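Open the model in your viewer and keep the sequence panel beside it. This tour tells you what to select at each stop and what is there.

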Amino acid sequence: MPALRCTEFNFGPKAHSDTFCDNLQQATDNILVFIQAGIFRPSLKRAKDGANNRQQKDRISALHFQCTIDTCVGALCDSQTKEYKMKQEIRKDFDQVATQWDTKPFRAKMANDVATAMIREIHPSADMKVLDFGCGTGLLTLKLQPLVKAITGADSSHGMLGVLKNKIKTQGLTNVHTEFVDFEKGEHVEGGYNLIVSSMVAHHVPDTLALFKEWHRLLLPGGQLCFADLDTEVGAFHGDNTGVFHQGFDRQELRLLLQEVGFHTIRDTTATIMSKEIEGQGFRDFPIFLICAKN
Ligand SMILES: C[S@@+](CC[C@H](N)C(=O)[O-])C[C@H]1O[C@@H](n2cnc3c(N)ncnc32)[C@H](O)[C@@H]1O
């Protein structure tokens, strides 16, 4: 194991040459990279946009993934084996915020707007078995529940699921089920769904391609996927970026990933634009996309 050093990167807007790739590769090969993600990720995004060819773009994408973790990133590499070990213990503790989750009108509005857009795009029907992946307290789940045969809310937080379970009980709902699943720990939900919906979850999952593969596996042939998340932003949306592995997404990149996994008839729209007060900056608009696809 080589001696570990720390450094901090801040690549400029023109950092998109082969030298950039080589330097970055060398750095991540040999040292403990300590990155202020707020600075680093937008720079990598610019670098990727400016890449001269597909190979450069792929290399930057790979490094981007390796380096994507909350405000500080630890990417530890044994230079002899060239195997990276991500330090990804930093996840948001949704259990801690579960009982307060629904008290913010902002969240109810977002779920309402996303549900409205999903209903417009997908037309959920009474014969559909639906999975809400990363359902949280069920804000979206319960908007779709009256329209479908059955809906399962799956989530990796017992606390969030506990709030949803209370709602199911007090409202006497018979077609809503809950399932604990931590996708990142390799846990799986049983498949066989006509529709998978998900809102504001993908940015909490480091490996988007693996997530899409899982969604593809869970859908019945001819099933549909419809998920909402942030368009690319600079990391301002979440006051605390703990557990935020992607500062929004580029719709086109997601469409290509979905295609790679086997989805087709992929389309995107803007589900809503959320206005949020950012400390010291006043209100800022954050577009939330909705991507739907068939498997
Ligand atoms: C921002 S909340 C969104 C909740 C809900 N979809 C909503 O719109 O109100 C993200 C949710 O994703 C869940 N989540 C994060 N990582 C997950 C994983 N690896 N597997 C399953 N659920 C996950 C969290 O527990 C949390 O409830």
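## Start at the hairpin

Select β10 and β11: the two strands run antiparallel and are joined by twelve bridges. Strands count as paired here if DSSP finds at least two bridges between them. Helices (H or I, at least four residues) and strands (E, at least two) are DSSP runs, numbered from the N terminus. Before going on, note that this is a predicted model, in which local features need pLDDT of at least 70, side-chain atom pairs count only at pLDDT 80 or more, and totals for chains, interfaces and linings use all residues. Residue numbers start from 1 along each chain as its sequence is written.

Now follow the hairpin to its turn. Three residues lie between β10 and β11, and G280 in the turn has a positive phi of about 80°.

Stay in β10 and pick T265. Its phi is near 50°, a positive value in a residue other than glycine. Most residues other than glycine have a negative phi. T265 counts as exposed, with 9 C-beta neighbours inside 10 Å. The cut-offs: a residue is buried if 20 or more other C-beta atoms lie within 10 Å of its own, exposed if 12 or fewer, and partly exposed in between, with C-beta atoms placed from the backbone.

## Across the sheet

From β11, move to β9. Seven bridges join β9 to β11, and the two run antiparallel.

β8 and β9 (residues 219-230) run parallel, joined by six bridges. Here L195 has Q224 in β9 as its bridge partner.

D132 has V197 in β8 as its bridge partner.

How enclosed is β8? Six of its seven residues are buried, so β8 is largely enclosed by the rest of the structure.

Trace the chain from β8 through α8 to β9. Together they make a right-handed β-α-β unit. Right-handed means that, with the strands pointing away from the viewer, the path from the first strand over the helix to the second runs clockwise.

Stop on the loop between β8 and α8, at M200. M200 has a phi near 60°, a positive value in a residue other than glycine. M200 is buried, with 20 other C-beta atoms within 10 Å.

Now select T208, L211, F212, W215 and L218, the buried residues of α8. Seen down the axis of α8, they fall within an arc of 125°, so they line one face of the helix. That arc is taken over the directions from the helix axis to the C-beta atoms. What covers these buried residues includes β5, β8, β9 and α9. Such cover is judged by contacts: two residues are in contact if their C-beta atoms, placed from the backbone, lie within 7 Å.

## The next helix: α9

Go to α9 (residues 251-261) and select R251, L254 and L258, which are buried. They cover an arc of only 60° around the axis, which puts them on the same side of α9. Cover for the buried residues of α9 includes α8 (208-218), β10 (264-278) and β11 (282-294).

Turn the helix over. Q252, L256 and E260 are exposed on the other side. After α9 comes G262, whose phi is positive, near 120°.

Select the ligand. It is surrounded by 21 residues, the closest being G134, G136, S156, S157 and F183. A residue is near a molecule if its C-beta atom, placed from the backbone, lies within 6 Å of it. The shell divides into eleven nonpolar, six polar and four charged residues. Ala, Val, Leu, Ile, Met, Phe, Trp, Tyr, Cys and Pro count as nonpolar, Asp, Glu, Lys and Arg as charged, and the others, Gly among them, as polar.

Now pick H158, in helix α7 (residues 158-171). H158 is partly exposed, with 13 other C-beta atoms within 10 Å. Which residues does H158 contact, leaving aside its neighbours within four places in sequence? They are D95 and F180. The C-alpha atoms of H158 and F180 are separated by 6.9 Å, with the two residues 22 apart along the chain.

## Zoom out

Show the whole chain: nine helices and eleven strands. Of its 295 residues, 36% count as buried.
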